[in-house]
Amino acid sequence: MTNKQGVILVNLGTPAEATPAGVKAFLQEFLMDKRVVGIPHLIWWPLLHGLVLPLRCKRVAHAYQQIWLDGGSPLLVYSQMQQAALQALLKDELPIELAMTYGQPSLQDAWSRLKAQGVTQVLLLPLYPQYSSTTTACVSDAWQKVMAKEHHVPTYQLIGEHYQQAEYIQALADSIRRSGFVSQSDDLLLFSFHGIPEAYALRGDPYPEQCKATAAAVAQVLGLSPTQWQLSFQSRFGKQKWLEPYTDATLRQLPVQGKKRLYVVCPAFSVDCLETLEEIAVEGKETFLQAGGESYHYIPALNADPGYMQTLATLIRRWQNSIQC
């Protein structure tokens, strides 16, 4: 029997609708993942349902409503665009499915579609350039749950990170150039990465070091001096200490330090979503300008950028070659 390959692109997930009920359904699944929130479930469950969800769902739903697209959530729409662009690039070499760790389209459904096509070798490609136990490892956990129902488990491989790929770094650098950065000598570039609790990093999560390596590599390609760029971490949740410096605090401090022309890029997000379009592009701009900033530019995520699609295609073809050897 001839083995047939298939790919599943995996992103985090999104509410099915921009309503408090839609947000609640998504957050219940997402925030009950032990890798996302490490508090024991017996303690966390009543806190989540008694305090967190009642306080957050309406506010988060309102934020989603400000960025919702005709086809749904930006994260879903742009992930679908990536899937379509990558399938077009690879033509009929192999089928490519899209799945979310939480919500729809599910990993189970993506596998079922590949299985129906006779796929026996699967590449799991998380759409997270940098590895974290809070994202990439969750994909592995979810896949194992799907495989637990299978009597014939396919051969599979998970690509843990791709931040070190030259094509990815070049695509980021090109997108920054297109934004107009360094049009003036006092422009500053801020790399804002999604944060994780500091305790996770202390336990061995390599994410912060990979974020620093990403920013440094892009800065090198752009030929930037250390004074032309900074790095920060956004989207913290709860009262525990997260990776620093915090993006919101940085945005308030920069104008005071004389840095009043700012460009912000978010390399941890392969597609635009709530955390980029609302937290950074809208709230971040407001914070910076109110603190005395004069010019603020959010640089969109790579989304279906041709250079980034070439990055993913290279990873897929490398996998194909490795299993054919």
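Contact means heavy atoms within 4.5 Å. Helices (H or I, at least four residues) and strands (E, at least two) are DSSP runs, numbered from the N terminus. This is a predicted model, in which local features need pLDDT of at least 70 and side-chain atom pairs count only at pLDDT 80 or more, while totals for chains, interfaces and linings use all residues. Residues are numbered from 1 along each chain as its sequence is written, and side-chain values use heavy atoms, with hydrogens and water left out.

**View 1. Helix H4 (residues 107-116) against helix H5 (residues 136-147).** Leu 107, Gln 108 and Trp 111 of H4 meet Val 139, Ala 142, Trp 143, Val 146 and Met 147 of H5. By class, this contact of H4 with H5 has 7 nonpolar, 1 polar and no charged residues. Here Ala, Val, Leu, Ile, Met, Phe, Trp, Tyr, Cys and Pro count as nonpolar, Asp, Glu, Lys and Arg as charged, and the others, Gly among them, as polar. The two axes come within 10 Å and cross at roughly 55 degrees. Axes are lines fitted to C-alpha atoms, for helices over the stretch in contact, and angles run from 0 to 180 degrees between N-to-C directions. H4 and H5 are therefore oblique to each other. Angles under 35 degrees count as roughly parallel, over 145 as roughly antiparallel, 65 to 115 as roughly perpendicular and the rest as oblique.

**View 2. Helix H3 (residues 74-90) against helix H12 (residues 306-324).** The axes of H3 and H12 are 10 Å apart, at an angle of about 60 degrees, so this pair is oblique. From H3, the residues in contact are Gln 82, Ala 85, Leu 86, Leu 89 and Leu 90. Their partners in H12 are Tyr 308, Met 309, Gln 310, Leu 312, Ala 313, Ile 316 and Arg 317. The contact of H3 with H12 divides into 9 nonpolar, 2 polar and 1 charged residues.

**View 3. Helix H6 (residues 166-178) against H12.** H6 and H12 pack with their axes 8 Å apart and at an angle of about 170 degrees. The two helices are therefore roughly antiparallel. Glu 167, Tyr 168 and Ala 171 of H6 make the contact with Gly 307, Tyr 308, Thr 311 and Thr 314 of H12. By class, there are 3 nonpolar, 3 polar and 1 charged residues in the contact of H6 with H12.

**View 4. The largest nonpolar core, with 64 residues.** A nonpolar core is a set of buried Ala, Val, Leu, Ile, Met, Phe, Trp, Tyr and Cys residues joined through side-chain atoms within 4.5 Å. Buried means under 20% relative accessible area, exposed over 50%, partly exposed in between (1.4 Å probe, protein chains only). Val 7, Leu 86, Ile 176, Leu 189, Phe 193 and Leu 262 touch the most other members. H12 gives the largest share of this core, 7 residues. Apart from this core lies another, of 39 residues, among them Met 32, Val 52, Tyr 64 and Leu 124.

**View 5. The buried residues of helix H9 (residues 247-256).** Thr 247, Ala 249, Thr 250, Leu 251, Leu 254 and Pro 255 are buried in H9. Their cover includes strand E5 (187-194), strand E6 (229-234), strand E7 (261-265), helix H11 (279-290) and strand E8 (295-299). After H9 comes Gly 258, with a positive phi near 90 degrees.

**View 6. Ala 201 in helix H7 (residues 198-202).** Ala 201 is partly exposed, with a relative accessible area of 21%. Not counting residues up to four places away in sequence, Ala 201 touches Ile 196, Pro 208 and Leu 243.
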